[in-house]
Amino acid sequence: MARKNRNPVGKNVDPEAQKKKTRTLTLKSSDGQEFSISESAAVLSIAIENMVEDDCAGGVIPLPLVDGGTLARVITYLNKHAEDGASDEEKRKFDEEFVSGMEMGVLFDVVLAANYLDIRGLLREVRRRIADRMKNKSVEWVRKTFHIESDFTPEEEEQMKKEFAWAWEGVDSDVDD
Amino acid sequence: MNQEQLFTNLPSELIINILSRLPVRTIISCKCVCKSWLNLLDTPEFARSHLSISVPGLILYESLRHVEHFEIFEFEDEPDLERHELHYNSITKISSKEFINEDHPGLGIQGSANGLVCFRKIGQHPETVYICNPITRDYIQLPTPGTIWYYPTIVTYGFGASKISGQHKVVRIYHECRRDPDTHNLLVIPKSECRVYTLGTGSWRSIAPGPKLEYSCRSIGAFLNGNLHWLVTDLEGFARISCLDLETETFSTISPPALPESRRFLGGLTVLGDCLCICDNTSDDEIVIWVMKEYGVEKSWTKEFVISKLPDFAGESYEVVYPIKIFKDGDILMAWADFYLFYHSLKNRTTAQVDIPRLQTTYRMEAMLHTPTFLSLKSFAMENVCSF
C-alpha cells in the first residue's frame, strides 16, 4: 500500500489516498449492526485492508467475530487515527482516554478484536493496559478478576508458596483500582 | 464478552504477550494462578517473549561485615519522576550462603547478558566461575579454567552472547607480564592465552589471544553488539580498546577518544544507553563522560557530559567511575569504584546518594545493568545445573 501522504496543503497529493478518504465501507458486526467508515480509516486494520485489496468486500464487510458494541469502539479508534491533522501527541492523549475508562471485560473484547482485525497500535495499547492493571496484584486478585479457578491441590499450592516465597512479599492489597 | 472467559478466549500467544509485560514478581504470582498458566509461563516461548520485552534493571552485589549478597532491582523510569526509589523496587535478594554455601566467597560480577550473571571468586587462583540466573534460581559452576597464577600475571574476564548464533560465552584472557621492579611499568608479555567457555558445551577451549596488551586486573569486558570490550594499554603506553567478536572469536582494536595525557589515567569503559562509553575520572574536579555515538566509528566519540565533582569528592582521585544508566528525567546513576552508588542530576547539577541506606556500611559493592529473564539454565545441554 502507498504510504499515506501527510502533506498538508495538497501539493503532490496521492490521488489514491484522496479516493480512500471519500470512499466509505460498511462493516457488519456479529449481531448484524452495520457501520459506515471511510476506507482510509478502515485500512488501518491490516485484516480489512487485505479484504479490500482482495476485493472480496463487495460493499459490506462481515466481521463475524466482533460484536456491535466492540466494533463501535474500534471504529472510534480508527477514525481518530485516520483523522487529518491529528498530531501524535493528540493521538497519544486520545489512546490514553480511550482505554482508561474501560472495564476489564471491555478491554478483553477490544484486545480480541484488535488481534483479529490486526490493528497493531490498538493491540499494543490494550495489551499494555491489561498488564498495567495486573501489576503487583496477588494471586487471589487475578483469580477473582479473571474468573479463574485454581486447579491446584492444597498440597501443590503449599509447595508453590514455599518455592516462590521470595516473590510473595509486598504485593498490593486486593483493592481494585 | 462473557465475564467467565476473559483470558480463556485469548490465543496463547496473546496471553504470553500480556503476561510478559508484568513485573517479575507478578509473573511468579501468575504461575500460581492455575495449572494452565503455570505450564504456559514455563514454556521457552514465554521466556523468549519476556526477554524481548524485559527492560534492564540493576544487579547490586554487596559485601557486608558478616555476609555477602546480591539483589536485583527494577527501575522506575518516567520523565516526571519525583525521586528514584530503588529500595521499593527490589525483585529479589540472594545471600551468597544460599547460593554457594559460604559466608564470604568473595564474588565479583564478571558480566551480565540475557539475564544470566557471570560470577567469579576474586582472589582465588585458579578461579572458580559461576553462571547464575537469579530469577529461576539456578546456577552452573564451570570447570576450572586454568592453573595457579600470581601477580604480575593478569587474568581478565568477560561474558556475553554472540550476535548471530546467540551462544553465551565466558571469556578468560591470561597475560603473563614482566614488569620493571622499580617503576612497575610493563616490560614484556612472554605468554598470553585466551580461553572461551560456550554455555552448553561443558568445557573450555583456546582461541587466538589477539595482540599483546596490558589489561587491568579489575576491569571486566563491556558487552555490546555481540562484542566484548576492554580498556587496555598497548606496550607503548597508549590507551586502546580491545574488542572481541563473540561470533567469530577474533580480536580487534578500537581507538578511544583523544584523552588528556596523564601518567595516571583513570578511565572506566562501560556501556551507556546502547553506546560504548569511557568515563574519565583523572581530573581533580570533574568527571568526563565520552560516548561513541556510532558503534565502531572512532570519529563519533563525543564528550557527552562533564560533571563537576562535589567538594567531598574533589581532589586527587584514585578510583574509576562507571556510569550505569541515564534516566528519562535526566539523572545518571553512577558507581564510584566499588564504594558508592550515586545519582547525578544533569538538570539540576546536583548529586545524591542512592536511596539504599545500608550501602553506607557496605565494604565493597558492584553494580551493573541486568535484564531479568525466565530462561532456565536447565535449557543448556551438558551442564550440571544446581538450584537454590
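Modeller: In this predicted model, the largest nonpolar core has 131 residues, and those with the most contacts inside this core are A:Ala114, B:Ile59 and B:Ile131. Helix H6 of chain A, which spans residues 104-117, contributes the largest share of the core, namely seven residues. Leaving aside residues up to four places away in sequence, A:Ala114 touches A:Ile119, A:Leu122, A:Leu123 and A:Val126.

Turning to the contact between the chains, 31 residues from chain A and 23 residues from chain B take part. On the side of chain B that touches chain A, helix H1 (12-20) and helix H2 (24-31) of chain B each supply at least two residues, and the largest share of that side, five residues, comes from H2(B). Sorted by class, the side of chain B that touches chain A is made up of 13 nonpolar, six polar and four charged residues.

Chain B also holds an open sheet of four strands, in the order E20-E21-E22-E23, with antiparallel pairing. Strand E20 (321-326) and strand E23 (350-353) of chain B are the edge strands, each of which pairs on one side only, while neighbouring strands of this sheet are turned by 30° against each other on average, with direction ignored. Within the sheet, strand E21 (residues 331-336) of chain B runs antiparallel to strand E22 (residues 340-345) of chain B, and six bridges join the two; B:Leu333 stands opposite B:Tyr343 in E22(B).

Notes: Residues numbered from 1 in each chain as written. Chains lettered and ligands numbered in written order. Predicted model: local features only at pLDDT ≥ 70, side-chain atom pairs only at ≥ 80, totals over all residues. Pairing = 2+ DSSP bridges. Axes fitted to C-alpha atoms, helices over the stretch in contact; angles between N-to-C directions. Core = buried A, V, L, I, M, F, W, Y, C linked by C-beta atoms within 7 Å. Buried ≥ 20, exposed ≤ 12 C-beta atoms within 10 Å, placed from the backbone. Contact = placed C-beta atoms within 7 Å. Nonpolar A, V, L, I, M, F, W, Y, C, P; charged D, E, K, R; others polar.
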